[in-house]
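Hello,

Here is the structure I promised to pass on to you. Please have a look at it first, and then read my notes below.

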Amino acid sequence: RLCYAGTVLRTRPEGLLGTRTPLRIGAELYGVDGPSGDAEILALMVRTLQAAGVCDGDGQVQVELGHVAIYRSLAALAGLDAEAAGRLFDAVQRKAGSDIDLVLTETDCGAEAAELIRVLPSLYGDLGTLARAREALAGAPAAVGAALEELERIAELAERRAAGLELRFDLAELRGYNYHSGTVFTAYAADHGRIVAGGGRYDGVGGAFGRARPATGFDADLKVLAELGVEPPAARGTVLAPDDEGLDPERQRALWRRAEALRDEGLRVVASPSAACAEERLEWRDGDWVRVPLDGEPTGH
């Protein structure tokens, strides 16, 4: 589990209001494969935006979740040459139905692959999107079904951990396609219609540095968060939360709701194997998580 902050120099800004020197902040989780790692990072991103005040009046953060393996599998099924594949990628990324049709009709990709690709941009919306996708993509390669199951599990775990998460799905989301290997997610600022944070899974990228491991993470521009958010109050103390692995869903959900409530009260809640920085810990007693001194009795609810 790593975090970082630093200035990035770009040749061109992102959009008319963008900067060539964004101050990127982010977190990375290495060595954890599967939905649990993605859900942890996604929940951390949501809490980061809430702490910065980049959310709506009810503390809600809108996040769109996708999976690059879906398009990647369908594109492979189509078997297009490099030029046609590039045009199709651009059209799907823009969700331009007429341009998608043009590429597919001009190439010999097969009727089955063409039909599956055509429906992809329409698979956008709430959790029901995944059920629609299972039906619409029933004839797709097995990797597509596996990706849909993974998205459903990530959504389930993330919503347990992150109070205020407003989750939607976009199965034609191709942001970071050449970098990410699985899930991708983007967060939007309330009333601003702009992306303020994003990330996803990028397994194997570390192989260029001699160690290919599962990896997932997110980043944001601190300048944008400062522009759109509000200054949070200083923390009044630190509480240690237990590792939620192995907890039943009810206790797991209650744990993270309790952590969010304590943070709203101005306390810092950390999930770390080391208690050196904490004065209290959370312990399950009589059907609830209560604050307990590291070596004493409960201090309150």
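Predicted model: local features only at pLDDT ≥ 70, side-chain atom pairs only at ≥ 80, totals over all residues.

Residues are numbered from 1 along each chain as its sequence is written, and side-chain values use heavy atoms, leaving out hydrogens and water.

The mean pLDDT (the predictor's confidence in each residue, from 0 to 100) is 88, and 94% of the residues reach 70 or more.

Let's start with helix H5, residues 111-119 (helices are DSSP runs of H or I, at least four residues, and strands are runs of E, at least two, numbered from the N terminus). Ala 113, Ala 114, Leu 116 and Ile 117 are buried there (under 20% relative accessible area; exposed is over 50% and partly exposed in between, with a 1.4 Å probe and protein chains only). Seen down the axis of H5, these buried residues fall within an arc of 165 degrees (taken from the directions from the axis to the C-beta atoms), so they line one face of the helix. On the other side of H5, Ala 111 and Glu 115 are exposed.

Now the rings: Tyr 71 and Phe 89 form an edge-to-face aromatic pair, 6.1 Å centre to centre with 65 degrees between the planes (rings of Phe, Tyr and Trp, its six-membered ring, pair if their centres lie within 6.5 Å; planes under 30 degrees apart are stacked, over 60 edge-to-face, the rest tilted). Tyr 71 lies in helix H2 and Phe 89 in helix H3, so the pair ties together parts 18 residues apart in sequence.

Enjoy exploring!
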